[in-house]
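Let's look at a protein together and ask where its labels come from. Have the picture ready beside you as you read.

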Amino acid sequence: MKWTFDIHNTAQRLFVLTGAGISAESGVRTFRDSGGLWEDHRIEDVATPEGFARDSQLVIDFYNARRLQLKAVFPNPAHLALARLQKQLGERMTLVTQNVDDLHERGGSPKVIHMHGELLKLRCLSLAEHIVEVSERQKMDSVCPQCGAGLRPHITWFGEIPMQMELIQQELLQCSHFVYIGTSSQVYPAAGFKAFAKSRGAIVMCINLDVEPDSHTDLVLQGKAGEVVPNWVQGILAPG
Ligand code: OAD
């Protein structure tokens with residue numbers, strides 16, 4: 001199968017799903033590679049509602065450390081190239097990330113759907129779930145400025161439903177081309193998007209450092225996102 005995305009064909013729509021691998025070359029640790037975050041931390045301690053209920057200080061410290069690290073990292077050529085493509089395609093491209101960093105935004109992407117939340121936001125524990133911006137540290141005793149309730153990281157934890165799933169589903173239904181970049185496809189529902197897109201007739205491509213054979217994937221570009229993505233984008237923007 002060939003990658004037939006045509007920048008001039010307005011009937012075609014591109015869905016891009018990114019994972020931790022796209023930020024790896026910026027210096028953000030992935031989760032499951034050797035040296036990944038889940039080697040040092042137990043998921044059930046720092047990434048579940050039960051963990052937060054048991055030891056909220058530990059969880060707040062974990063996300064404070066990751067938030068602090070954002071100041072030391074910068075978008076890499078993969079983020080920049082996707083932003084360039086998105087600006088050209090406008091509403092014809094949907095960018096969904098599992099990442100909680102802000103590197104797509106800082107790379108210039110005009111619209112990013114963060115299905116697993118964002119490090120730079122907190123959410124209050126009242127039913128209203130007010131969103132509060134946070135640039136560095138969440139203090140243990142900080143409360144929602146709108147209602148006074150306690151605050152938690154605005155992160156999708158295991159056992160919780162990812163954010164903006166209705167919008168994501170609509171976009172998946174419409175896409176003619178689906179690309180997943182730098183994700184191990186271990187965590188659902190994101191891991192199931194490629195099969196869903198394929199079943200609706202989309203062409204599916206994978207860009208990743210390590211590639212496993214996969215029946216839903218039509219095309220593979222193996223390599224570092226920071227090298228492969230800019231070339232791939234260039235091929236779309238200036239074909240031939
Ligand atoms: P993983 O750490 O599971 O997978 C990262 C993938 O990126 C692996 O397949 C690597 O081979 C690949 N990779 C590493 N460096 C790369 C590079 N320079 N270029 C291209 N690919 C590279 O991360 P995710 O799949 O994003 O969820 O993990 C999904 C979710 O699991 C995360 O959003 C997080 C985690 O638990 C929550 O915290 C809710």
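Predicted model: local features only at pLDDT ≥ 70, side-chain atom pairs only at ≥ 80, totals over all residues.

Residues are numbered from 1 along each chain as its sequence is written, and side-chain values use heavy atoms, with hydrogens and water left out.

Q: How many disulfides does a search of the whole structure find?
A: The search finds 0 disulfides. Cysteine 124 is in none either: its nearest cysteine sulfur, in cysteine 147, is 3.7 Å away.

Q: Why does cysteine 124 count as buried?
A: Buried means under 20% relative accessible area, with exposed over 50% and partly exposed in between (1.4 Å probe, protein chains only). Cysteine 124 has 2% relative accessibility, so it counts as buried. Cysteine 144, at 3%, is buried too.

Q: What makes the pair of phenylalanine 15 and phenylalanine 193 edge-to-face?
A: Rings of Phe, Tyr and Trp (its six-membered ring) pair if their centres lie within 6.5 Å; planes under 30 degrees apart count as stacked, over 60 as edge-to-face and the rest as tilted. Here the centres are 6.2 Å apart and the planes are at 75°, so the pair is edge-to-face. Phenylalanine 15 is buried at 0% relative accessibility, and phenylalanine 193 is buried at 4%.

Q: Why is the pair of phenylalanine 178 and tyrosine 180 called tilted?
A: Their ring centres are 6.2 Å apart and their planes are at 40°, so the pair is tilted. Both phenylalanine 178 and tyrosine 180 are buried.

Q: What makes a space count as a cavity, and how large is the largest cavity?
A: On a 1 Å grid over the protein atoms alone, a cavity is a set of points where a 1.4 Å probe fits but cannot get out, and lining residues have an atom within 4 Å of a point. A volume is the space filled by probe spheres set on the points. The count comes to 2 cavities of 30 Å³ or more, and the largest has a volume of about 110 Å³. The largest cavity is lined by 13 residues, including Val28 and Phe31.

Note on methods. 1 Å grid on protein atoms, 1.4 Å probe; cavity = no way out; pocket = protein on both sides within 12 Å on 5 of 7 lines; lining within 4 Å. Disulfide = S-S within 2.5 Å.
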